[in-house]
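Work through the exercises below with the sequence and the structure at hand.

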Amino acid sequence: MMEIEQSYIKIYKDFAQLIKENSAEVMNRGRDKAFERFEQLGFPTRKSEDYKYTDIRGRYAIDFGMNLRRVSFPINPYSVFKCDVPGINSHLFFVVNDSFYHDPQGDNTCKEIEELTRQGVLIGSLKEHAEKYPEIVEAYYEKAADTENDGSVAFNAAFAQDGFFLYVPKNVKVEKPIQLINVMRADSDTLANSRNLIILEEGAQAKFLVCAHTMDTCKFLCNRVTEVFVGRNASFEQYKLENTSNNMTNIGTLYVEQAADSNVLVNEITLHNGITRNNIRVNLNGEQAETTLCGMAIGDKEEHIDNTTVINHNVPKCHSTELYKYVLNDKATGVFAGRILVKKDAQKTEAYQSNKNLCATKDAHIYSKPQLEIYADDVKCSHGATTGQIDENALFYMRSRGISEREGRMLLMLAFTNDVVEKISVEALKSRIHLLVEKRFRGELSKCAGCVICKE
Amino acid sequence: MLEIKNLHANINGKEILKGINLTVKPGEVHAIMGPNGSGKSTLSSVLSGNPAFTVTEGEVTFYGKNLLELSPEDRSREGVFMSFQYPVEIPGVSMVNFMRTAVNEHRKYKGLDPMSASDFLKLMREKKELVELDNKLANRSVNEGFSGGEKKRNEIFQMAMLEPRLSILDETDSGLDIDALRIVANGVNKLKSKDNASIVITHYQRLLDYIVPDFVHVLYKGRIVKSAGKELALELEEKGYDWIKKELGE
């Protein structure tokens with residue numbers, strides 16, 4: 001039963017020391033325990049309700065290379081991904097495979113960091129900051145992640161050596177969006193575990209844009225865990241865009257802990273991928289906290305996108321909204337499992353969930369599983385899931401005005417996904433995504449080098 | 001310009017049109033009246049190319065071209081326009097985007113370059129006045145939240161934008177109050193020219209007070225059973241359709 005896990009278990013046992021030498025002490029503290037947990041749990045299987053429709057375990061069966069010695073790669077992503085879109089004036093950073101990238105010229109990374117450091121912001125490699133500021137990192141690292149119950153997360157806690165770190169001190173508002181490009185670049189099949197930690201203190205504000213790209217055609221598996229702590233009255237927006245390849249397995253787990261009066265918006269858009277599993281768990285820990293989770297997936301061929309979310313209303317008067325839309329073609333499959341738990345004393349909770357899907361072909365499938373568990377009695381909660389095809393009457397109406405069938409279908413699919421894209425507050429990014437989605441529907445979106453956010 | 005010869009059509013295996021013959025020349029207004037179920041909407045659906053209907057016999061030529069062989073979008077680009085009885089709502093597709101795509105596809109078909117954004121907006125503003133459609137229209141999705149009257153006026157607005165050679169008005173008057181009716185009819189009349197023609201499908205004579213027909217045809221059980229001038233409409237108003245049925249010996 002545990003054959004797939006055996007090779008990874010052996011790697012850990014043989015190389016635990018090497019792994020620890022190439023990471024920070026704060027990150028190493030829980031490593032052995034996480035590994036033991038992984039040994040017990042294994043990777044999530046289809047037998048578990050949460051992974052019924054997504055075979056993650058099977059994807060780990062490939063003989064992946066893992067970069068435990070932290071060998072750096074001979075490419076400078078800053079030269080490949082030149083960001084020249086007017087208006088998306090962002091602070092740009094890279095995680096190549098599983099490490100934060102330091103520009104050897106000291107040019108790009110340092111200039112941007114200087115600007116932010118002046119405000120007290122800490123930004124960069126998680127490993128380095130865990131070494132330099134252990135008191136800050138240890139207060140938060142592994143405090144949200146569910147290493148105890150999720151095999152993928154335990155695996156990550158055992159093996160992840162680096163990733164992205166952001167700390168925004170009290171009342172500091174980071175004006176420009178922070179952009180992180182996770183790029184996979186290798187000559188052979190590679191697995192990357194990376195860990196991100198984001199801390200926003202009271203009153204802080206930040207916007208975070210993450211893009212996932214692959215630069216090669218070998219098989220990649222990314223297992224990324226992000227913990228986000230949003231302090232009282234703080235505001236955090238995260239936009240995630242995936243434009244990778246059919247050979248990619250992208251597992252992303254996001255844990256969000258929200259204090260009172262805080263505001264969080266997460267919008268995950270998948271344009272091209274192989275298998276994607278986005279896990280999100282939000283804990284609303286203080287009153288008047290607000291959270292909005294959105295996502296949109298456009299799948300064709302045999303692409304598979306799974307968005308599994310959990311929102312815990314732990315206290316009264318919080319507000320959550322979910323909007324997920326899928327457009328599936330060919331034999332693509334989608335999963336939406338949204339669980340909302342309203343605790344017994346979480347009165348005056350408002351929780352709204354909506355999942356709308358468009359299956360354009362007979363073989364495209366969506367598995368939609370809304371779950372509302374409500375234990376309080378003074379709440380407003382709703383959920384809705386609809387799945388349909390293109391409205392043929394609307395299509396005929398358009399054709400009767402001279403619009404070709406192809407163009408008509410495209411306009412209808414664009415109209416369908418429109419409102420998810422509208423939930424982006426950074427104007428320049430919103431326009432750019434509108435354009436990318438249109439290109440995606442027209443089949444004009446290239447999958448190769450360059451961040452589509454920044455250039456064609 | 002339009003020649004319909006012995007047109008038979010069915011839907012779900014049931015034959016609705018049982019041999020329609022009709023000739024429409026430029027500059028003419030033809031009214032088609034008839035009781036419910038006679039096939040009026042089927043005729044307009046078949047002419048516009050609705051895939052739900054199957055033509056089993058007969059031919060339709062439009063300026064010499066076989067209309068039945070053309071896709072719905074090509075029929076539109078050739079100059080056929082249908083104003084729907086129940087215009088559908090298309091949330092998420094803005095009126096501006098919709099019309100601009102339609103206008104530019106028409107232009108492409110004719111070998112013209114697409115219209116510039118500013119020229120297009122100017123055109124929209126101009127044509128809106130014809131049917132007194134106000135500015136909030138531009139940012140709204142197609143027909144979304146429009147009242148019945150606004151939807152019908154929007155149909156005529158689109159007709160004004162596309163300048164068809166043949167317009168088929170399918171029960172344009174249904175659900176309209178007197179004022180809306182007057183605005184719609186006014187719009188249709190302003191667009192009338194010696195080079196275009198209209199087929200006005202209606203139940204009631206009232207619309208024909210405003211859009212005066214040159215010919216009135218009565219469609220009954222899938223066939224045109226009587227054709228005459230505009231006085232026929234008045235006679236029908238007085239005597240009802242029973243009179244026609246009696247004439248046919250029923």
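**Exercise 1: two helices of chain A**

Describe how α11(A) and α12 (residues 427-442) of chain A pack against each other.

Solution. The two helices pack at an angle of about 150°, and their axes lie 10 Å apart, where axes are lines fitted to C-alpha atoms over the stretch in contact and angles run from 0 to 180 degrees between N-to-C directions. Because of that angle, α11(A) is roughly antiparallel to α12(A), a term used for angles over 145 degrees. The helices themselves are DSSP runs of H or I with at least four residues, while strands are runs of E with at least two, and both are numbered from the N terminus.

The next step is to list the residues that meet: A:M410, A:M413, A:L414, A:T417 and A:V421 come from α11(A), and A:K430, A:I433, A:H434, A:V437, A:E438, A:F441 and A:R442 come from α12(A). Two residues are in contact if their C-beta atoms, placed from the backbone, lie within 7 Å. Sorted by type, this contact has 7 nonpolar, 2 polar and 3 charged residues, with Ala, Val, Leu, Ile, Met, Phe, Trp, Tyr, Cys and Pro counted as nonpolar, Asp, Glu, Lys and Arg as charged, and the others, Gly among them, as polar.

The model is a predicted one, in which local features need pLDDT of at least 70 and side-chain atom pairs count only at pLDDT 80 or more, whereas totals for chains, interfaces and linings use all residues. Residues are numbered from 1 along each chain as its sequence is written, and chains are lettered from A and ligands numbered from 1 in the order in which they are written.

**Exercise 2: where the chains touch**

Find which helix of chain A gives the most residues to the side that touches chain B.

Solution. Begin with the whole interface, in which 16 residues of chain A are in contact with 18 residues of chain B. On the chain A side, α10 (392-399) and α11 (405-422) each supply at least two residues, and α11(A) gives the most, with 6 residues. The residues of this side divide into 7 nonpolar, 5 polar and 4 charged.

**Exercise 3: each chain as a whole**

Work out the secondary structure and the extent of each chain.

Solution. Chain A has 12 helices and 20 strands, and its C-alpha trace spans about 70 × 55 × 50 Å along its principal axes. Chain B has 10 helices and 12 strands, and its C-alpha trace spans about 60 × 40 × 35 Å along its principal axes.

Technical notes. Parallel < 35°, antiparallel > 145°, perpendicular 65-115°, else oblique.
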